[in-house]
Amino acid sequence: MSNPISCIIVDDENVAREIIASHLSRIENIEVIAQCKNAIEAFNFINNNAVDLIFLDINMPEISGIAFAKSINKNNKIIFTTAYRDYAVEGFSLQAVDYLLKPISFERMLQAINRYFEVSTQQIETQSQPSETNDFIFVRSDRRMLKITFKDIIFIESLSDYLKIHLKDQSIITRETISAIEAKLPQKDFLRIHRSYIVNLASIESFTNEEMIVNGKALTISRSYKKDVITKLERF
């Protein structure tokens, strides 16, 4: 049996922590090793303990969950938990595994845990591949592993739990997160412009501060990515 996934819950509300802990207690191979009332407690704990996954509230006193997420090691995976939809874009821009809206049902929690396992598995596979020498990736579609050459990708679109990879002559649907596939792409050739879009730089026809035209299709540049997008494109 593999080692359990070590989790901590960070939330200033006792009831919220109890609900999350109760859901996680029903899931095999998940272990809650700490519950923290604020970001400072959590920061001190993760500096002295190995933590795989953090369930992180956003609205907390002193230090918000967003600020805390920006300050910690990126190897710590995060699932945001909040009562507000407003922070969803910023949460995903931090490459969170998932974003759970309170009240959190057990079914929704189970989906988030399954997504965590998917992301972790894909990350391990990516790290084990000599990606610097590859000009392609393999993705699963219709029970087959399909080879996709980077130069054939026009843009990638997130459709909730699936991705639509737009190629020059076809589109491929695969079950994968956009953050996971982003980690497999060469940064010099691809650009994240929105929580739902990654584009091939070679396919960009024109752009403004709000959108870009990629192979004849207008794609929105989100506010959270705008600065990085414009800065990178203006270098060319």
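Cysteines, surface and fold

Trainee: Cys36: buried or exposed?
Mentor: Cys36 has a relative accessible area of 3%, so it is buried (under 20%; exposed is over 50%, partly exposed in between, with a 1.4 Å probe and protein chains only). This is a predicted model, where local features need pLDDT of at least 70, side-chain atom pairs count only at pLDDT 80 or more, and totals for chains, interfaces and linings use all residues. Residues are numbered from 1 along each chain as its sequence is written, and side-chain values use heavy atoms, leaving out hydrogens and water.

Trainee: And Cys7, buried or exposed?
Mentor: Cys7 is buried because its relative accessibility is 0%.

Trainee: How many disulfides in the whole structure?
Mentor: The search finds 0, taking a disulfide as a pair of cysteine sulfur atoms within 2.5 Å.

Trainee: Switching to the surface. Which residues make the nonpolar patch?
Mentor: Leu159, Tyr162 and Ile173 make a nonpolar surface patch of about 250 Å². Patch residues have over 30% relative accessible area and no salt bridge, with nonpolar side chains joined within 5 Å and like charges within 9 Å. A salt bridge is a Lys or Arg side-chain nitrogen within 4 Å of an Asp or Glu carboxyl oxygen.

Trainee: Where is Leu159 found?
Mentor: In strand β8, residues 153-159. Leu159 has 37% relative accessibility, so it counts as partly exposed.

Trainee: How many helices and strands in the protein chain?
Mentor: The chain has 7 helices and 15 strands, as DSSP runs (H or I, at least four residues; E, at least two). Of its 236 residues, 46% are buried.

Terms used: Areas by Shrake-Rupley, 256 points an atom, 1.4 Å probe, with all protein chains shown as cover.
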